[in-house]
Amino acid sequence: MTDLPGIVVTGASGRMGQMLIRTVLESDRARLVGALERTGHDWIGKDVGEAMGGAAIGVSVTDDPLEALSRAHAVIDFTAPAATVEIAGLAAQARCVHVIGTTGLTAEDIGKIDAAARHATIIRAGNMSLGVNLLVQLTRKVAAALDEDYDIEVIEAHHNQKVDAPSGTALMLGEAAAEGRGVRLENVEDRGRDGITGKRERGHIGFSAIRGGDIVGEHDVMFAAMGERVILRHVATDRAVFARGALKAALWGQGRKPGAYDMLDVLGLKEG
């Protein structure tokens with residue numbers, strides 16, 4: 001049992017954090033060795049199993065990431081940009097795999113994470129599910145096949161507690177569509193429309209975000225032309241798909257050379 005890779009989960013009290021902890025505990029390929037929360041959180045010092053409403057599992061929640069990472073083979077991180085950037089540097093020091101599902105990262109944040117990847121294996125993706133990553137590949141191919149007569153719109157829906165928009169997954173899909181068209185997303189994106197916006201720009205990629213209830217995650221990529229529409233769709237009904245993908249990434253990263261990877265690498269979907 002102790003030979004299994006040790007996993008630390010950040011943001012232990014959150015919905016995704018708790019799902020990740022359960023996924024690791026249920027796995028026969030990994031073991032939970034740490035649970036992190038922010039300083040001052042009322043879970044600090046408690047057994048994480050008991051804090052989650054179950055039996056004790058012998059792992060206490062801590063606010064000391066360096067201590068937790070010192071005994072880990074990987075850290076799985078679905079938190080906030082500032083916390084993720086900090087963890088990236090500490091994971092590099094500890095030489096443990098850093099799996100990042102955090103969204104809302106800025107270009108500056110990503111630059112710092114990429115710098116840490118010179119010394120650590122970092123796997124970052126806006127979405128960890130197999131289905132979504134297949135959708136990314138399909139979006140790239142369809143965008144390459146259909147010319148600018150087909151307007152591209154990315155429509156996403158999430159629960160009412162999500163704080164960033166468009167979602168990380170929507171941006172992944174937008175990037176894939178832009179790559180298929182041979183353009184940079186930053187030059188053709190339309191992230192919001194309100195008031196008298198004028199007609200749609202030919203070749204632009206639009207984003208629409210819906211927030212409500214307990215929607216786990218729904219993403220459509222619409223290619224709309226005169227007389228027809230092609231719609232690619234993924235619907236997640238259980239956060240477990242993201243947790244299983246994140247654990248798969250943490251295990252895949254064991255023994256890899258330092259560098260920045262994504263779920264297409266993990267799933268063997270990279271082309272070329």
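Visitor: Which residues is I7 in contact with, leaving aside its neighbours within four places in sequence?
Guide: I7 is in contact with V24, A30, R31, L32, V33, G34, A74, I76, L247 and A250. Contact means heavy atoms within 4.5 Å. This is a predicted model: local features need pLDDT of at least 70, side-chain atom pairs count only at pLDDT 80 or more, and totals for chains, interfaces and linings use all residues. Residues are numbered from 1 along each chain as its sequence is written, and side-chain values use heavy atoms, with hydrogens and water left out.

Visitor: Which residues touch the most other members of the largest nonpolar core?
Guide: I7, V48 and V99, out of 39 residues in that core. A nonpolar core is a set of buried Ala, Val, Leu, Ile, Met, Phe, Trp, Tyr and Cys residues joined through side-chain atoms within 4.5 Å. Buried means under 20% relative accessible area, exposed over 50%, partly exposed in between (1.4 Å probe, protein chains only).

Visitor: Which element gives the most to this core?
Guide: Helix α9, with nine residues. Helices (H or I, at least four residues) and strands (E, at least two) are DSSP runs, numbered from the N terminus.

Visitor: Switching to domains. What does the assignment give?
Guide: Domain 1 is 6-128 + 239-267, and domain 2 is 130-236. The bounds come from an automatic or database domain assignment. Their C-alpha centres lie 28 Å apart. The contact takes 13 residues from domain 1 and 13 residues from domain 2.

Visitor: How much area do domain 1 and domain 2 bury between them?
Guide: About 1,100 Å², 59% of it on carbon and sulfur atoms. Buried area is the accessible area (1.4 Å probe) that two parts lose on being put together, summed over both. N127, R239 and L264 supply 42% of the area that domain 1 buries against domain 2, more than any other three residues.

Visitor: Last one: M263. Buried or exposed?
Guide: M263 counts as buried because its relative accessibility is 1%. M263 sits in helix α10. Beyond residues up to four places away in sequence, M263 touches A125, N127, M128, N133, G245 and A249.
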